[in-house]
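User: I have a structure open here and I have not looked at it before. Can you walk me through it?

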Amino acid sequence: PDIILMDVNMTGVNGFEACKNIRQSSGGNYVQILMVTGLEDPESIRKAFEAGADGFITKPLNLEILSQRIYYTLRAGKAFRELHISESLLTKAQKLAKIGHWQADLRTGDFFCSPESLTLLNLNIQKNIITINEFLKSVIFEDKLRVKEMLENAIDTKIALSIEYQITDNKASIKHILNQSDI
């Protein structure tokens with residue numbers, strides 16, 4: 001379904017648990033879930049959103065407000081699905097072209113790396129947010145300090161970066177990397 005209207009108080013499993021179960025099911029990330037309930041305390045609202053609800057509306061229902069919430073929730077769900085499709089196509093295109101992208105968080109220094117960036121850098125890491133040291137893990141020893149200093153300088157000064165370096169994998173084969181960034 002495109003949308004589910006669910007009460008918190010139901011026979012058997014409560015709405016919070018049902019919402020969690022839907023989110024964990026195949027395709028459960030894409031259905032929009034509006035919790036409809038007589039509970040309007042902050043704790044219930046927090047629980048609904050933690051369970052994965054996209055919206056919360058209290059009883060007694062005002063049909064005009066309900067219809068507007070449904071319309072808005074469906075529109076947000078459509079945008080979410082379109083974004084997911086776009087991200088999937090970008091991932092496929094990067095894999096075919098053997099290019100990746102990364103982004104540095106200027107406050108923390110953490111790097112978000114696309115799956116293809118992790119592959120190109122020979123990083124066998126299951127997460128997309130990594131530290132600068134993890135980012136530099138496969139850079140050959142002779143290039144590591146230079147690359148680290150240039151990355152840190154680009155982050156500190158917020159200037160664009162273009163740097164060539166070499167990386168190695170477990171089999172000691174060498175790859176040449178051109179890393180370009182734009183602030």
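**Overall layout**

Analyst: This is a predicted model. The protein contains 6 helices and 8 strands.

User: In what pattern do they follow along the sequence?

Analyst: Read along the sequence, the pattern is β-α-β-α-β-α-β-β-α-β-α-α-β-β. The protein is more spread out than a compact globule, because its radius of gyration is 23 Å, well over the 16 Å that the globule rule gives for 183 residues.

User: What box do the C-alpha atoms fill?

Analyst: Roughly 70 × 35 × 25 Å, taken along the principal axes.

User: And how many of the residues count as buried?

Analyst: Of the 183 residues, 32% count as buried. The accessible surface of the protein comes to about 11,900 Å², and 55% of that surface belongs to carbon and sulfur atoms.

User: What about contacts between residues at least 24 apart?

Analyst: Taking contacts between residues at least 6 apart in sequence, 36% join residues at least 24 apart.

User: Changing topic, pockets. What volume does the largest pocket have?

Analyst: The volume of the largest pocket is about 340 Å³. Its lining is made up of 17 residues.

User: Which of them lie nearest the centre?

Analyst: Gly100, Leu120, Ile177, Leu178 and Asn179 lie nearest the centre of the largest pocket.

User: Which elements supply at least two residues of that lining?

Analyst: Helix α4, residues 115-120, and strand β8, residues 174-181, each supply at least two. The largest share comes from β8, with 7 residues.

User: How do the lining residues divide into nonpolar, polar and charged?

Analyst: There are 8 nonpolar, 7 polar and 2 charged residues in the lining of the largest pocket.

User: Now the backbone. Where is there a cis peptide bond?

Analyst: A cis peptide bond joins Lys59 and Pro60, with omega at about 0 degrees. Pro60 is in the loop between β3, residues 55-58, and α3, residues 63-97.

User: Which residues other than glycine have a positive phi?

Analyst: Lys98 is one of them, with phi near 55 degrees. Asn122 is another, and its phi is also near 55 degrees.

User: Where do they lie?

Analyst: Lys98 lies in the loop between α3 and β4, residues 102-104. Asn122 is found in the loop between α4 and β6, residues 129-130.

User: Are those two buried or exposed?

Analyst: Lys98 counts as exposed because its relative accessibility is 58%. Asn122 has 29% relative accessibility, so Asn122 counts as partly exposed.

User: Let me pick a few residues. Where is Ser44?

Analyst: Ser44 is in helix α2, which covers residues 42-51.

User: Buried or exposed, and why?

Analyst: Ser44 counts as buried because its relative accessibility is 7%, and the cut-off for buried is under 20%.

User: What does Ser44 touch?

Analyst: Ser44 touches Phe16, Leu39 and Phe56, leaving aside residues up to four places away in sequence.

User: And Lys95? Which helix is that in?

Analyst: Lys95 is in helix α3. With a relative accessible area of 58%, Lys95 is exposed.

User: How far apart in space are Lys95 and Met150?

Analyst: They are 26 Å apart, C-alpha to C-alpha, and 55 residues apart in sequence.

User: Where is Arg107, then?

Analyst: Arg107 is in the loop between β4 and β5, residues 111-113. Arg107 counts as exposed, at 76% relative accessibility.

User: What separates Arg107 from Gly77?

Analyst: Their C-alpha atoms are separated by 31 Å, and the two residues are 30 residues apart along the chain.

User: Last one: where is Asn153?

Analyst: Asn153 is in helix α6, residues 141-157. With a relative accessible area of 40%, Asn153 is partly exposed. Leaving aside residues up to four places away in sequence, Asn153 touches Lys158 and Ile159.

Key. Residues numbered from 1 in each chain as written. Predicted model: local features only at pLDDT ≥ 70, side-chain atom pairs only at ≥ 80, totals over all residues. Heavy atoms only, no water. 1 Å grid on protein atoms, 1.4 Å probe; cavity = no way out; pocket = protein on both sides within 12 Å on 5 of 7 lines; lining within 4 Å. Points joined across faces, edges and corners; volume = space filled by probe spheres on them. Helix = DSSP H or I, 4+ residues; strand = E, 2+ residues; numbered from the N terminus. Nonpolar A, V, L, I, M, F, W, Y, C, P; charged D, E, K, R; others polar. Rg over C-alpha atoms; globule rule 2.2 N^0.38 Å. Buried < 20%, exposed > 50% of the residue type's maximum accessible area, 1.4 Å probe, protein only. Contact = heavy atoms within 4.5 Å. Areas by Shrake-Rupley, 256 points an atom, 1.4 Å probe, with all protein chains shown as cover.
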